[in-house]
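Reader: I have a structure to look through and I'm new to it. Can you put it up and take my questions as they come?

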Amino acid sequence: MSVTATLWEHKNFGGQSFTSNSGGFRYYWNTWGGHNDMFSSMRAWSSGHRGNAYAFEHIDFSGRFAALNVGGAFSSSWWSYFGSAFNDKVSSSLIVAREPLSRETEVALRAVVAPQFASLFDAKVAGKPVSRNGDPRIYGTFFPSYDNQRVFATINQNLTVQVRIPLKITIPNPFGDDIEIDLGTFRWSDYDANVRYDIAFFIGGDGVLHGFAAWSHVWVEAGPFSQSVHDDLAPELHAAKADITSAIESALALFSRRRFADAYLLPGPRPDMNQFGFFANYDDDVVLVVVAR
């Protein structure tokens, strides 16, 4: 049982083509390298599995994507032409082989994770010179270079950091020690910053669903004080992985009485398997799928 997908160079399935098959794997993926930005049409087939085939704008499975759904209402589906807005844009592709509908439970994570993370983060930084800049983005990160065998649900939060500079002047004293006067602080221009948390899900040996913050990444914009801002900010943001893991485990307690065989992620919004396909952006959402034993 498997899912097959073919990408063609031209519309209406013409020109050079490349075919991939999921085989016995949950995921089968390609980054197109020398064939980057050359595809115009795509078709997918189901051979016993439900599944989804994705063609992404960027080489790291990000940006816009075209998706096909098979094994639901359609055993085969296709884009005979991606359309002018997505023609010659594909840089990576992904096949996801799925289980029968009766065994799967889908959870779109954005609506669940974003408000809980925002509340947790705001409480953590209350009274400190850092704040969220907008709402967190929730999306899938697939086989990143720093952990290329795993997939993650990523929480991406932009930040604003207030920078205050201490002001002191020293007055020479010819009769003794120099006199230092503390003038307090003044506010420098705010710095933009960002923190990302990569969340991994797995099934324990007892069939229980678990999740944890596997990676954290902190960035601060360049400037004369960027290193000191980073050094002040990063340790606490990295340490927050423990709080995020605790929150995830608490939320997953809703599933504690059920036993699962697998957990995996789908990029973007939840696919409607009664439709042949759809276009979306990778950061519209990410869907957690758990498979019953």
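Reader: Let's start with E17. Which residues point one way from it, and which the other way?
Author: This is a predicted model, so everything here describes a prediction. Val286, Leu288, Val290 and Ala292 point one way from E17, while Val287, Val289 and Val291 point the other way. Every one of them is buried.

Reader: Which strands pair with E17?
Author: Strand E9, residues 104-108, runs antiparallel to E17 and is joined to it by five bridges. Strand E15, residues 260-267, also pairs with E17 in the antiparallel sense, over seven bridges.

Reader: Where do I look to see that? What stands opposite Val287, for instance?
Author: Ala108 stands opposite Val287 in E17.

Reader: Ok, new topic. How many cavities of 30 Å³ or more does a search find?
Author: One, over the whole structure. About 70 Å³ of space lies in the largest cavity.

Reader: How does anyone find empty space in a model?
Author: Rolling a probe the size of a water molecule over the atoms shows where empty space is left.

Reader: Back to that largest cavity. Which residues are closest to its centre?
Author: The lining has 13 residues, and those closest to the centre are Ala5, Leu7, Ser20, Ser93 and Ile95. The elements giving two or more residues to the lining are strand E1 (2-10), E2, strand E5 (50-56) and strand E8 (92-98).

Reader: How does the lining divide into nonpolar, polar and charged?
Author: Nine residues of the lining are nonpolar, four are polar and none is charged.

Reader: You mentioned E8. Which of its residues are on each side?
Author: Ser92, Leu94, Val96 and Arg98 are on one side of E8, with Ser93, Ile95 and Ala97 on the other. Both faces are covered, and all of these residues are buried.

Reader: What does E8 pair with?
Author: E3 pairs with E8 in the antiparallel sense over five bridges. E5 runs antiparallel to E8 too, joined to it by seven bridges. As examples, Ile95 in E8 is the bridge partner of Tyr28, and Arg98 in E8 is the bridge partner of Arg50.

Reader: Is Trp32 buried or exposed?
Author: Trp32 counts as buried, at 9% relative accessibility.

Reader: Which residues form an aromatic cluster?
Author: One cluster is formed by Tyr27, Trp29, Tyr54, Phe56, Phe61, Phe65, Phe142, Phe143 and Phe278.

Reader: And what sits over the ring of Tyr81?
Author: The charged end of Lys11 does, 5.1 Å from the centre of that ring.

Reader: What about the loop between E1 and E2? What is the phi of Asn12 there?
Author: Asn12 is in that loop and has a positive phi of about 60°, although it is not a glycine. Phe13 lies in the loop between E1 and E2 as well, with a positive phi of about 65°, and it is not a glycine either.

Reader: Why point that out?
Author: Because most residues other than glycine have a negative phi.

Reader: Last one. Where is Leu252 found?
Author: Leu252 is found in helix H3, residues 241-252. Leu252 is buried, with a relative accessible area of 10%. From Leu252 to Val208 is 44 residues in sequence and 9.2 Å in space, C-alpha to C-alpha.

Definitions and conventions. Residues are numbered from 1 along each chain as its sequence is written. This is a predicted model: local features need pLDDT of at least 70, side-chain atom pairs count only at pLDDT 80 or more; totals for chains, interfaces and linings use all residues. Side-chain values use heavy atoms; hydrogens and water are left out. Buried means under 20% relative accessible area, exposed over 50%, partly exposed in between (1.4 Å probe, protein chains only). Rings of Phe, Tyr and Trp (its six-membered ring) pair if their centres lie within 6.5 Å; planes under 30 degrees apart count as stacked, over 60 as edge-to-face and the rest as tilted. A charge sits over a ring if NZ of Lys or CZ of Arg is within 6 Å of the ring centre and within 35 degrees of the ring normal. Helices (H or I, at least four residues) and strands (E, at least two) are DSSP runs, numbered from the N terminus. Two strands pair if DSSP finds at least two bridges between them. On a 1 Å grid over the protein atoms alone, a cavity is a set of points where a 1.4 Å probe fits but cannot get out, and a pocket is an open set with protein on both sides within 12 Å along at least five of seven lines; lining residues have an atom within 4 Å of a point. Grid points are joined across faces, edges and corners, and a volume is the space filled by probe spheres set on the points. Ala, Val, Leu, Ile, Met, Phe, Trp, Tyr, Cys and Pro count as nonpolar, Asp, Glu, Lys and Arg as charged, and the others, Gly among them, as polar.
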